2 protein chains.
Amino acid sequence: MENNNAHNTTLTAPVIHSENFLEHWQGHRRLTRKVIEAFPEKELYSFSIGGMRPFSELAMELIKIARPGIEGVVSGKWENLDDMPTPKTKKEILELWDQVTEQIDTLWPQIAPARFQEKDLAFGMYENNIYGTLLYFTDNEIHHRGQGYVYLRALGITPPPFWERE
Amino acid sequence: MENNNAHNTTLTAPVIHSENFLEHWQGHRRLTRKVIEAFPEKELYSFSIGGMRPFSELAMELIKIARPGIEGVVSGKWENLDDMPTPKTKKEILELWDQVTEQIDTLWPQIAPARFQEKDLAFGMYENNIYGTLLYFTDNEIHHRGQGYVYLRALGITPPPFWERE
């Protein structure tokens, strides 16, 4: 602990590599899928606390970010899906979810190595390095899913364990 | 999108480097600090939903992970702080929080570059690569802080914006 300065070169060391970030994201998406599944159909669309959105809308936000998000990360073209309607059943939301899972797996290997460090305006609005934008996607998912955990607990339903990513 | 296989070498590309991960973690910690501050003293210790812990206990969990966590990441020695008592005031929790902030800034540059990819048993129990353990620390913080947002909303208090990390 004495030689603080001697180690400063470590600040440029890579921490997370592409395939590990992909697995990180998809692991979180598998857990979020289980949280969607854990909601009874009615409460998925109606239950909320403190004026917040029901979990169907939080899940749709994640879909509307991830689907055009992975395309924008690869191509630099950012589509706006804000007007995409929320499907009327849990089954259809899960089908959309699974389509995005496949899409991420397909597009991810097409991200050019230098792209992660590039600055871009995500969705034409949010300036960040691509790695920061990708962290934002996953962080935002964890954040809203954590809110879903409170909804489930308030409904008397035990949520899936946080560490379960299979 | 045609040449999927041509790009497979990108899966080894670095996405996040050491100094950026440090900033990622500390940015989240600054936001969590604001969430602790946003709770009225009484509700910080008493308010909960669905049998969950009050936010004082969630904040203490984060402190009990981060403080020995950064030491374990650097040294491979993992201390267990489970029995650390919860301070009786918000001010003291915030002081502990700020001590950990300094400690992370001090110790982080001492992480050896190869360490991020090493496997270790975090806290003697959780086997993971160090980068995975560090992601778990931040993800767990985002998860519990998201729960704190619901508590604040239920109390009629507007939480700090999620994207605010200053």
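**Exercise 1: The interface**

Between chain B and chain A there are zero salt bridges. In this predicted model, determine how many residue pairs are in polar contact between chain B and chain A, and which elements of chain B take part.

Solution. 
1. The count of residue pairs in polar contact between the two chains is 19, with both residues at pLDDT 80 or more.
2. On the side of chain B that touches chain A, the elements giving two or more residues are strand S1 (14–17), helix H1 (18–38), helix H4 (90–107) and H5.
3. H5(B) supplies the largest share of that side, 14 residues.
4. By residue class, the side of chain B that touches chain A holds 26 nonpolar, 18 polar and four charged residues.

**Exercise 2: Helix H5 of chain B**

Describe the length and the covering of helix H5 (residues 130–154) of chain B.

Solution. 
1. The helix has 25 residues and spans 36 Å from its first C-alpha to its last, close to the 36 Å expected at 1.5 Å a residue.
2. Of the 25 residues in H5(B), 22 are buried, and the helix is thus mostly covered.
3. After H5(B) comes Gly156(B), with a positive phi near 80°.

**Exercise 3: Phe123(B)**

Is Phe123(B) buried, partly exposed or exposed?

Solution. 
1. Phe123(B) is located in the loop between strand S2 (119–122) and strand S3 (126–129) of chain B.
2. Its phi is positive, near 55°, although the residue is not glycine.
3. Buried requires a relative accessible area under 20%; Phe123(B) has 21%, so it counts as partly exposed.

Key
Residues are numbered from 1 along each chain as its sequence is written. Chains are lettered from A and ligands numbered from 1 in the order in which they are written. This is a predicted model: local features need pLDDT of at least 70, side-chain atom pairs count only at pLDDT 80 or more; totals for chains, interfaces and linings use all residues. Side-chain values use heavy atoms; hydrogens and water are left out. Helices (H or I, at least four residues) and strands (E, at least two) are DSSP runs, numbered from the N terminus. Buried means under 20% relative accessible area, exposed over 50%, partly exposed in between (1.4 Å probe, protein chains only). The expected span of a helix is 1.5 Å times one less than its number of residues. A salt bridge is a side-chain nitrogen of Lys or Arg within 4 Å of a carboxyl oxygen of Asp or Glu. A polar contact is a pair of N or O atoms within 3.5 Å; within protein, one must be able to donate a hydrogen and the other to accept it, and residues adjacent in sequence count only if both atoms are side-chain atoms. Ala, Val, Leu, Ile, Met, Phe, Trp, Tyr, Cys and Pro count as nonpolar, Asp, Glu, Lys and Arg as charged, and the others, Gly among them, as polar.
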